[in-house]
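I opened this notebook to record what I looked up in the structure. The entries follow in the order in which I made them.

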Amino acid sequence: MAKGEKLAVLESVERILNNYLEMNNHRKTPERFTILRAIYNTEGHFTLDELSELLSEKYNFPVSRATLYNTLNLFMKLRLVIRHRFQGTTAYEACYDNTSHCHQICTICGKVVEVKSSIITDAIDEVHLKRFRKDGFSLYIYGVCSTCQAKMTRLRRIKKLKTTEKI
């Protein structure tokens, strides 16, 4: 995403947060806006711990785990952040301008890779759902990554060699 586009997205999400806080008589805390900026300056997925570390190191703005958790819940309610429950971990992702995409998840090592497929996006866009407006989607494709496949192949070869040596 170009710098100008990134700035426009950041301004839009800050406006959404600002409007929500004003309409619901909530405080406009610096923590909420700093966390939002950190998230929208992060590429891809992040965990709660990674966000905490980023805020402390890059922004010199340490916040409690409870503040992060509560703020992320607010952002999910506003559809500014999406939560993914990947194998063995929970990750978050900014989603204001990027709600529809697929993830391939290795069932052995847990590696997650984002997949962009216009064929899948077009197919889901063409699905007509009764009394339901689609806002976006997230698709999880489970399998074994090439690194783990290579490790499994090496282990099979070693096992086969050991078996033939015994004979």
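I take contact to mean heavy atoms within 4.5 Å. This is a predicted model, in which local features need pLDDT of at least 70 and side-chain atom pairs count only at pLDDT 80 or more, while totals for chains, interfaces and linings use all residues. Residues are numbered from 1 along each chain as its sequence is written, and side-chain values use heavy atoms, with hydrogens and water left out.

**Entry 1: E14 and its helix.** I first looked up E14, which is in helix α1. Helices (H or I, at least four residues) and strands (E, at least two) are DSSP runs, numbered from the N terminus. For burial I use relative accessible area: buried is under 20%, exposed over 50%, and partly exposed in between, with a 1.4 Å probe and protein chains only. E14 is buried because its relative accessible area is 18%. Leaving aside residues up to four places away in sequence, E14 touches F33, L36 and R37.

**Entry 2: helix α2.** I then listed the buried residues of α2 and found F33, T34, I35, L36, A38, I39 and Y40. Their cover includes α1, α3, α4, β1 (81-86) and β2. I also noted that A38 and K58 are 20 residues apart in sequence, with their C-alpha atoms 8.9 Å apart in space. K58 sits in the loop between α3 and α4, and it counts as exposed because its relative accessibility is 57%.

**Entry 3: the nonpolar core.** A nonpolar core is a set of buried Ala, Val, Leu, Ile, Met, Phe, Trp, Tyr and Cys residues joined through side-chain atoms within 4.5 Å. Which members of the largest core touch the most others? Of its 27 residues, they are L17, I35, I39, Y40, L51, L72 and F75. Two or more residues each come from α1 (3-23), α2 (30-40), α3 (48-57), α4 (65-77) and β2 (89-94). In soluble globular proteins, nonpolar side chains tend to be buried together.

**Entry 4: an aromatic pair.** Rings of Phe, Tyr and Trp (its six-membered ring) pair if their centres lie within 6.5 Å; planes under 30 degrees apart count as stacked, over 60 as edge-to-face and the rest as tilted. I recorded 2 aromatic pairs by this rule. In one of them, the ring centres of F86 and Y140 are 5.8 Å apart and the planes stand at 80°, so the pair is edge-to-face. This pair links distant parts of the chain, as F86 in strand β1 and Y140 in strand β5 are 54 residues apart. F86 is buried at 6% relative accessible area, whereas Y140 is partly exposed at 29%.

**Entry 5: positive phi.** Most residues other than glycine have a negative phi. I noted N25, not a glycine, with a positive phi of about 55°. N25 lies in the loop between α1 and α2 and is exposed, with a relative accessible area of 71%. R131 also has a positive phi, near 55°. R131 is in the loop between α5 (118-126) and β5, and at 87% relative accessibility R131 is exposed.
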